Amino acid sequence: MSFAELVDEANGLVWSLPLVGLCLLAGLYFTIRTGAVQVRNLPDMITQLKSGEKSTDGTSSFQSLMMSLANRVGMGNIGGVATAIAFGGPGAVFWMWTVALLGAATSFIECTLGQIYKEKDPDTGEYRGGPAYYFEKAYAHKAPTLSLVYAIAFAAVTVFAMAFFLPGVQANGMSSAINAAWDVPTWSTAIGIVIVLAFIVIGGVKRIAAFAAFVVPPMAVLYILAALVVFFVNFDQIGTVFSEIFSGAFGTHSIYGAIIGMAVKWGVQRGIYSNEAGQGTGPHHAAAAEVSHPAKQGFVQAFSVYIDTLFVCTATAFIIISTDMYSVFEDETYPGDTLYEGAIGTDVEPGPGFVQSGFDTVASGWGSSFVALALTFFAFTTMVAYYYMAEVNLAYLTRKIPNALVRRAMIRALQGLILASVAYGAVTTAGSAWGLGDIGVGSMAWLNILGILLLQVPALKALKDYRRQKKEGLDPQFDPRELDIRGAEFWEQRADGLVNQGAPGEVPSRPH
């Protein structure tokens, strides 16, 4: 069995129908349990972005959102949408929307848990958290061994997913786009990525954060503005675009009706890959924020799902469909037989090429260069974010090793692993790169979604507590002991500090 066949076999097992159903049903379940938090608390999401706290130990809610978007907005928003349309038809876009709407509730749960069970790094004083932390702490008083084993399993999977599986997808998107735009060999791009990435990750967290803050916001704005230009030029195609999407999603389209299952699979798969709701990445960024109540950051992270999918991914889909620059294949094989071949030739591989061709219809000769430039910055920043999360989870796994030199050696090994993954991903085919990325995302999603279904109660208690305090006209403050939430030592210490001493500029927590 070849490597590509092995990847496809493993991908099929991970992304089987049960995971697709689990993602959708979990989102629906959390929507019901939270009383449609993603809709009902939309005003709180906007308010928190405007007035979020910050400190020397943590970021503001807005800064945390930007870090999260730096991770979310990447290859999945451009190449991922194109791939979903190529193998699932335009109907896949509808299922991406569905995943975003339902996934916002899932994101609220996991990111609120990330805030509840965060802790301070003993070396830097910064806030750290994520699934490994809440898996270990939430039920440590009931099943300490099982909780610890599950936490270690997630951390180990995340290290390999973030350092080996996922970076290759981003690198492949970069090298493919650069090759199409400027005819630069993929091996040359691979060398360049490895050199620059090595310089940044070796510089530590501060260099990573500075790079992301400098690059992502302007490139995101430029991409959305460029998409709006295509939107207005093809304004007369709006009705056609939505007709293709909805008819393809429900199997009523004369061409795509037979692949409704593929539309659901690719829409859900690419939706999760892009917005990351339920994957377990969002809680890492959520835990870094300084807030007075965990639910506040849960709202912000839920809103980031909307930005990623409903805005950026939808813009990409409109560019592709309105310009007819896409093909739909009968199965997941490229090249292969097509159900539909638009104005683009089947020689254009599914991915950034679809988007580049769409832009070229509006600005001939400029579209490819612009998409290549956008992908270069988006994908590179995402790779940097992947490394950060891999390092956080490796630090979790090695935090009890007494020898600092051993811990540092393992960090260096991690850096070598991600650089090797990037080099391989940049020169391999898109199919293999996406296959490896999907294995990583799917494995994390399996562990995290099953985990938060069991650990949801503390997040639901926090939401209820927040709503009650807001109804009383208070600025919500959090004390886990009042809600019988155990394992949240940071919040217990914070509440005691506010009650006994009072923190400057903050509202004291309620007395017990």
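Trainee: Why is helix α16 largely enclosed by the rest of the structure?
Mentor: Eight of the nine residues of α16 (residues 352-360) are buried, so the rest of the structure largely encloses this helix. Buried means under 20% relative accessible area, with a 1.4 Å probe and protein chains only. Helices here are DSSP runs of H or I, at least four residues, and strands are E runs of at least two, numbered from the N terminus. One caution: this is a predicted model, where local features need pLDDT of at least 70 and side-chain atom pairs 80 or more, while totals for chains, interfaces and linings use all residues. Residues are numbered from 1 along each chain as its sequence is written, and side-chain values use heavy atoms, without hydrogens and water.

Trainee: Which residues of α16 are buried?
Mentor: Pro352, Gly353, Phe354, Val355, Gln356, Ser357, Gly358 and Phe359.

Trainee: And how much of the whole protein is buried?
Mentor: 58% of its 512 residues.

Trainee: Switching topic. How many cavities of 30 Å³ or more are there?
Mentor: Two. A cavity is a set of points on a 1 Å grid, over the protein atoms alone, where a 1.4 Å probe fits but cannot get out; lining residues have an atom within 4 Å of a point. Volume is the space filled by probe spheres set on the points, which are joined across faces, edges and corners.

Trainee: What is the volume of the largest cavity, and what lines it?
Mentor: About 70 Å³. The lining includes Cys23, Leu24, Val99, Leu102 and Ile449. Elements giving two or more residues are α2 (17-33) and α7 (91-116). α7 gives the most, with four.

Trainee: What classes of residue are in that lining?
Mentor: Seven nonpolar, three polar and no charged. Ala, Val, Leu, Ile, Met, Phe, Trp, Tyr, Cys and Pro count as nonpolar, Asp, Glu, Lys and Arg as charged, and the others, Gly among them, as polar.

Trainee: What about the second largest cavity?
Mentor: That one holds about 40 Å³. Its lining has three nonpolar, six polar and two charged residues. Arg72, Glu276 and Tyr386 are among them. α5 (61-72), α6 (75-88), α13 (260-275) and α17 (367-398) each supply at least two.

Trainee: Zooming out, how many helices and strands?
Mentor: 20 helices and four strands. The radius of gyration, taken over C-alpha atoms, is 22 Å.

Note on methods:
On a 1 Å grid over the protein atoms alone, a cavity is a set of points where a 1.4 Å probe fits but cannot get out, and a pocket is an open set with protein on both sides within 12 Å along at least five of seven lines; lining residues have an atom within 4 Å of a point. Buried means under 20% relative accessible area, exposed over 50%, partly exposed in between (1.4 Å probe, protein chains only). The radius of gyration is taken over C-alpha atoms; the globule rule is 2.2 Å times the number of residues to the power 0.38.
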